[in-house]
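Let me jot down what I looked up, entry by entry.

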Amino acid sequence: MKVIDLKHQWASCTPGGNLNFHRKCMMAPLTVIDYIVVHELAHLLYSNHTAAFWNQVDKVMPDFQERKDWLRANGAGMDL
Ligand SMILES: [Zn+2]
């Protein structure tokens, strides 16, 4: 895992399963960072944002919507 300056995302995962986090993540609450990790790990199973993807996130983290809302409110246009 490494922290790099991703321009448009909070985090990304490579096909090899490496997670890269935007340095801005370090300013987010831990609960939100947890959500970012779960989100990216779910992308290892689904490389898209289909209903199946969100079902997977929901299964691991039933209150993910709250954390997602925090990102939307505080993410200054960053997309995840
Ligand atoms: Zn995503």
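**Entry 1: a loop histidine**

I started with H49, which is partly exposed at a relative accessible area of 44%. For my own reference, buried means under 20% relative accessible area, exposed means over 50%, and partly exposed is in between, with a 1.4 Å probe and protein chains only. H49 sits in the loop between helix 1 and helix 2. I then looked up its distance to H39: the two are 10 residues apart in sequence, and their C-alpha atoms are 9.9 Å apart in space.

**Entry 2: ground rules**

I note that this is a predicted model, where local features need pLDDT of at least 70 and side-chain atom pairs count only at pLDDT 80 or more, while totals for chains, interfaces and linings use all residues. Residues are numbered from 1 along each chain as its sequence is written, and side-chain values use heavy atoms, with hydrogens and water left out.

**Entry 3: the whole chain**

I find 3 helices and 3 strands in the chain. Their order from the N terminus is β-β-β-α-α-α. Helices (H or I, at least four residues) and strands (E, at least two) are DSSP runs, numbered from the N terminus. Of the 80 residues, 38% count as buried.

Leaving out residues up to four places away in sequence, Q56 touches A42, L45 and Y46. For N55 I noted A42, 13 residues apart along the chain, at 9.5 Å between C-alpha atoms.

**Entry 4: helix 1 against helix 2**

Helix 1 (residues 30–45) packs against helix 2 (residues 51–60) at about 135 degrees, with their axes 9 Å apart. That angle makes helix 1 oblique to helix 2. Axes are lines fitted to C-alpha atoms, for helices over the stretch in contact, and angles run from 0 to 180 degrees between N-to-C directions. On the helix 1 side I listed Y35, V38, H39, A42, H43 and L45, which meet F53, W54, Q56, V57 and V60 in helix 2. By class, this contact has 8 nonpolar, 3 polar and no charged residues. Nonpolar covers Ala, Val, Leu, Ile, Met, Phe, Trp, Tyr, Cys and Pro; charged covers Asp, Glu, Lys and Arg; the others, Gly among them, are polar.

**Entry 5: helix 1 against helix 3**

Last, I checked helix 3 (residues 64–74), whose axis comes within 9 Å of that of helix 1 and crosses at roughly 105 degrees. Helix 1 and helix 3 are therefore roughly perpendicular to each other. T31, V32, D34, Y35 and I36 of helix 1 make the contact with F64, R67, K68, W70 and L71 of helix 3. I sorted these residues into 6 nonpolar, 1 polar and 3 charged.

Terms used: Angles under 35 degrees count as roughly parallel, over 145 as roughly antiparallel, 65 to 115 as roughly perpendicular and the rest as oblique. Contact means heavy atoms within 4.5 Å.
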